[in-house]
Amino acid sequence: MVADYVEWLRREGRIVIVGASLAGLRAAETLRAEGFAGELTLVGDEPHEPYDRPPLSKAVLLGKASPHHTELPHRREIDAKWRLGVAATGLDLTAKRVRLADGDEVEYDRLLIATGVRARPWPKEEEARLDGVCLLRTREDAADLYRRLRAGPRRVFVIGAGFAGSEVASACREMNLPVTVAERAGAPLVGALGGVVGAVAADLQTENGVDLRTHVTVTALVGDAVGRVRAVHLSDESVVEADVVVVSLGSLRNTEWLTGSGLGAGPRGIACDAGCRAFDFRGIVTDDVFVAGDVARSPHALFGYQFLSLEHWGNAVAQAETAAHNMICHGADRRPHLWMPAFWSSMFGVNIKSVGVPPMGEQLMITQGSLAERRFVGVYGYQGRVVAAVSFDNTRWLEFYRGQIERGAPFPVEYPTVDRRPEGRRPVPAGFPDPSLPTHGPMVTLSGYSPADQQLVFHPARH
Amino acid sequence: MRLVVDLNKCQGYAQCAFLAPDVFAMHGEEALIYDPRADEEQRERVARAVAACPVQAITADGLDRTGGVREASDGR
């Protein structure tokens, strides 16, 4: 019976993919590559065919690529119906229908959700509307920011020194623009790589002429008489004059459209099992709804089955391939999504790459090279195991450490390594911020008086 | 033509930057910057770069990589 259903689905079923970016496209290609012959629909809120985002904060801002031409190459024909420029606004799990912003509805037999994330806007709406206050996520954002940088602003102000903010600051310095970066933590990249490596990133910024302000927050953006941003007020009571402000405060997951659908979706993403099948809010796995990419949150066997949300390019590709495979095969042929987390960035001419999950690390050992030279490998340890590694201009070693993570190799690292320096003989605290900061996660409460009428009630949190 | 480089795979061997310098360039010692929309006249050079990449990190429109392991291995 079930086998018949899968055969029927593969032959003439209807698959809808919501989200037409990297994950959506690669899933569509995988479905066709693995023999799905039914009807395929891709829904995307942006009016463009799938394009690549990493170049937007690097090659585009450096003038080496056009913001309007980063469309992804296709690996194969996907023969899909494209619904671009129209967002999905609702999901009816019972009727198996996706509602669209133009009032249309699309029916599916199996659904893949790959709606990704968007840039977190500046929270004060009036200030966010000032001319010159920019975000960087879409290609329109990149085109707008590039145009403003080319116009030669007196000073650029970047709020937030994560990877995106640091890459923007790096591009500004290459264009010889004065730039100030404000960061709430003690250094750039602290959330992703910890304080020890963050201190190296801080030195990189200041040596390259960035006016880096740490342990501060932005309290207000001030505009002039015609509504252009003019100055930035900081929590240390200083004021910085700037005519371009780049808000780089991370991202928000695009899950609002699923509110009330019954899926386990909220600000932290959509929870799914290792096979990419979405959970409903009761924690029960669904049969016909799959998730992939930035919006997914899935358990990873190598990291204590913790639910990981990974806003990584490589995760979007790998999870899309696994989800697509699992959507059209029998249960026993399904694969778990066991991708080794990995990402890259480059700033101030330094290539930064990582494997594993650095924020899980309690301790850090510099096993090769040296922090002072900005050329090193750092290994993160958690409860006696290697859980991650980071490299600055030393990427060729990462494959080795990836194998160490996969094998659960012991930490501290006992074996000798090439180019080990005295500073790398023993581990130091990795310096991640206290995770007990306030969060705004969704809540689930139990209601009812007896076990017979007990119900779970889901309270979606506001983003 | 469109192209994309999997920079998780890229290890900065710079073969592409030698073979198609108008499309690929090293930025610093190890980081790669590239134009995702190369001119059609670059096709021949990009094809050589795709083939020469030691870690097969480049995907380009209409160019098969020699390894050809793009599709899932158990695809039916």
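## Chain B

In this predicted model, 34% of the 76 residues of chain B count as buried.

## Where the two chains meet

Chain A brings 31 residues into contact with 25 residues of chain B. On the chain A side, the elements that give two or more residues are α2 (22-33), α7 (313-327), β24 (342-347) and β25 (350-356). That side of chain A splits into 10 nonpolar, 12 polar and nine charged residues. Keep α2(A) and α7(A) in mind, as both come up again with the sheet.

## A six-stranded sheet in chain A

Look next for an open sheet of six strands in chain A, with the order β3-β2-β1-β7-β21-β20 and mixed pairing. Its edges are β3 (81-84) and β20 (277-279) of chain A, each of which pairs on one side only. Ignoring direction, neighbouring strands of this sheet are turned by 30 degrees against each other on average.

Four bridges join β1(A) to β7 (residues 110-113) of chain A, and the two run parallel; here I15(A) stands opposite R110(A). Five bridges link β1(A) to β2(A), again a parallel pair, with I17(A) facing L42(A) across the way. Since four of the five residues of β1(A) are buried, this strand is largely enclosed by the rest of the structure.

## Helices on the sheet

Helix α2(A) lies across β1, β2 (39-44) and β7 of chain A, and runs at about 175 degrees to β2(A). Helix α7(A) packs on the sheet too, touching β1, β7 and β21 (285-291) of chain A, and its direction makes about 140 degrees with that of β21(A).

Is Q319(A) buried or exposed? Q319(A) has 27 other C-beta atoms within 10 Å, so it is buried. Setting aside neighbours within four places in sequence, the contacts of Q319(A) are A23(A), C276(A), A292(A), G293(A), A296(A), H337(A) and W339(A). For a sense of scale, Q319(A) and I159(A) sit 160 residues apart in sequence, and their C-alpha atoms are 31 Å apart in space.

Helix α4 of chain A covers residues 139-150, which makes 12 residues. From first C-alpha to last, α4(A) reaches 16 Å, close to the 16 Å expected at 1.5 Å a residue.

Which residues of α4(A) are buried? They are R139(A), A142(A), L145(A), Y146(A) and L149(A). These residues lie on the same side of α4(A), because they cover an arc of only 125 degrees around the axis. Among the elements that cover them are β9 (133-134), α5 (163-174) and β16 (244-247) of chain A. Just after α4(A) comes G152(A), which takes a positive phi of about 75 degrees.

Methods:
Residues are numbered from 1 along each chain as its sequence is written. Chains are lettered from A and ligands numbered from 1 in the order in which they are written. This is a predicted model: local features need pLDDT of at least 70, side-chain atom pairs count only at pLDDT 80 or more; totals for chains, interfaces and linings use all residues. The expected span of a helix is 1.5 Å times one less than its number of residues. A residue is buried if 20 or more other C-beta atoms lie within 10 Å of its own, exposed if 12 or fewer, and partly exposed in between; C-beta atoms are placed from the backbone. The arc is that of the directions from the helix axis to the C-beta atoms. Two residues are in contact if their C-beta atoms, placed from the backbone, lie within 7 Å. Ala, Val, Leu, Ile, Met, Phe, Trp, Tyr, Cys and Pro count as nonpolar, Asp, Glu, Lys and Arg as charged, and the others, Gly among them, as polar. Two strands pair if DSSP finds at least two bridges between them. Axes are lines fitted to C-alpha atoms, for helices over the stretch in contact, and angles run from 0 to 180 degrees between N-to-C directions.
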